[in-house]
Amino acid sequence: MHSIIDLSPGDYTPHYIHGEGRCWAETNCYMDVLIELIHSLGFDPVAALPVTLSVDFEVDQWTFFKFEHADLLEMYGMEIHELNPWLSLAHHVEEQVNANRPVLVEMDSYFLPDTAGSAYKEAHVKSTIAVNNIDTQSGHMGYFHGQGYYELDGQDFSDIFQVDGLVHDRMLPPYIEIVKLHEVDDGSTLLDRSVAALRRQLRQMPRTNPFSTFADRFEKDVEWLRSENIEKFHVYSFATLRQYGACFELAETYLTWLRKHGIPNLDESIAAYNQISATAKVFQFKLARALARGKPLDHGPIVDMSGLWQKAVDQLTHDFA
């Protein structure tokens, strides 16, 4: 069995983004899995986080932020393409992994044992994994998911790939990407490439403060949520408060990385993104309690986060745009 990276779940140490002391333990499935894949390939994923700076409120949700493929190629030599499945999923994944290409594939967390206690055997939840090794003969897979690296075997392998064909006829093929690994051109430093990506993201910033548009929508959403169940609150929170809260914590992490590499005048923006992230976490709990108890909710924190966002963006635009 070919392994792209020699790893063992028992010895695996996640990147510090998934370490102790974080406000948001997880970001989203695509970001989390790539953070650990980049880390395991020997690079620092923080350099590619400028993408967190240009997120927006997208009418009914916040941007589902992802690393930009151009940045991954430029900084780490990771070229990502969609794979068109025309054979069995397990066959495609094994062929690509044997060609030294990690495979990013959307799987059903109902069959992923690392989600025990949340989705495994309990809920059908779409989530992206990155396959590092696979053996279809023995029924084994090693994969990145969420905050770490895991393995599965036996019935779990059969279930995740539906190798018995029990439900294959009524399943749509998942979205699959392959990661072609190249040597990184040494023409410029990782910091130089990262700052170039930062300047590009600043050119893509929302023209209107996203918290202003979010505030108007949130006022209507709260009234709608009062008649919904707790499951609807959780999916709403993931699309809104959790999404931008985790995103701006990563923005803080990125700017702190820049400061450690000698980039000045970032303290104000770092503090602003830190406060947005922390406020979003507290506000999420307050929203849950207000809905559960039928109590009114103070929307003032959204106004506060709006001012913090503007302060951070004004400072970054002044120094980098």
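The structure is a predicted model in which local features need pLDDT of at least 70 and side-chain atom pairs count only at pLDDT 80 or more, while totals for chains, interfaces and linings use all residues. Residues are numbered from 1 along each chain as its sequence is written, and side-chain values use heavy atoms, with hydrogens and water left out. The predictor's confidence in each residue is given as pLDDT, from 0 to 100. The mean pLDDT of the chain is 93, and 97% of its residues reach 70 or more. Helices (H or I, at least four residues) and strands (E, at least two) are DSSP runs, numbered from the N terminus. Among these elements, the lowest mean pLDDT, 92, belongs to helix 4 (residues 154-161), and the highest, 98, to helix 8 (residues 241-260).

An open sheet is formed by six strands in the order 1-6-2-3-4-5, with antiparallel pairing; two strands pair if DSSP finds at least two bridges between them. Strand 1 and strand 5 (148-153) are the edge strands, each pairing on one side only. From one strand to the next, the twist averages 35°. Angles run from 0 to 180 degrees between N-to-C directions, and axes are lines fitted to C-alpha atoms, for helices over the stretch in contact.

Strand 1 (residues 78-82) is joined to strand 6 (residues 176-181) by five bridges in an antiparallel arrangement, and Glu82 is placed opposite Glu177 of strand 6. On strand 2 (residues 103-108), three bridges make the antiparallel pairing with strand 6, where Val105 faces Ile176. Strand 2 is also linked to strand 3 by six bridges, again antiparallel. In that pairing Val103 has Val131 of strand 3 as its bridge partner. Val131 also stands opposite Tyr143 in strand 4, and strand 3 (residues 126-135) and strand 4 (residues 140-145) run antiparallel with five bridges between them.

Helix 1 (residues 29-40) packs on the sheet and touches strand 1, strand 2, strand 3, strand 4, strand 5 and strand 6, its direction making about 30° with that of strand 3. Contact here means heavy atoms within 4.5 Å. Helix 2 (residues 69-76) lies across strand 1 and strand 6, at about 145° to strand 1.

Helix 4 is mostly covered, with six of its eight residues buried. Buried denotes a relative accessible area under 20%, exposed over 50%, and partly exposed in between (1.4 Å probe, protein chains only). The buried residues of helix 4 are Asp156, Phe157, Ser158, Asp159, Ile160 and Phe161. Their cover includes helix 3 (89-98), strand 2, strand 3, strand 4 and strand 5. Gln162, which follows helix 4, has a positive phi, near 55°.

Two packed helices are described by the angle between their axes and the distance between the axes. For helix 2 and helix 5, the axes come within 10 Å and cross at roughly 165°, which means that helix 2 is roughly antiparallel to helix 5. Angles under 35 degrees count as roughly parallel, over 145 as roughly antiparallel, 65 to 115 as roughly perpendicular and the rest as oblique. The crossing of helix 2 and helix 5 is right-handed. A crossing is left-handed if the near helix is turned anticlockwise from the far one by less than a right angle, and right-handed if clockwise. Asp71, Glu74, Met75 and Tyr76 of helix 2 make the contact with Leu190, Arg193, Ser194, Ala197 and Arg200 of helix 5.

The axes of helix 5 and helix 8 come within 12 Å and cross at roughly 135°, so helix 5 is oblique to helix 8. This crossing of helix 5 and helix 8 is left-handed. In helix 5, Leu190, Leu191, Ser194, Val195 and Leu198 meet Tyr254, Trp257 and Leu258 of helix 8.

Arg203 belongs to helix 5 (residues 190-203) and is exposed, with a relative accessible area of 56%. The C-alpha atoms of Arg203 and Val105 are separated by 31 Å, the two residues being 98 residues apart along the chain. Gln284, in helix 9 (residues 267-293), is buried, with a relative accessible area of 9%. Not counting residues up to four places away in sequence, Gln284 touches Trp24, Phe233, Ser237, Leu241 and Arg242.
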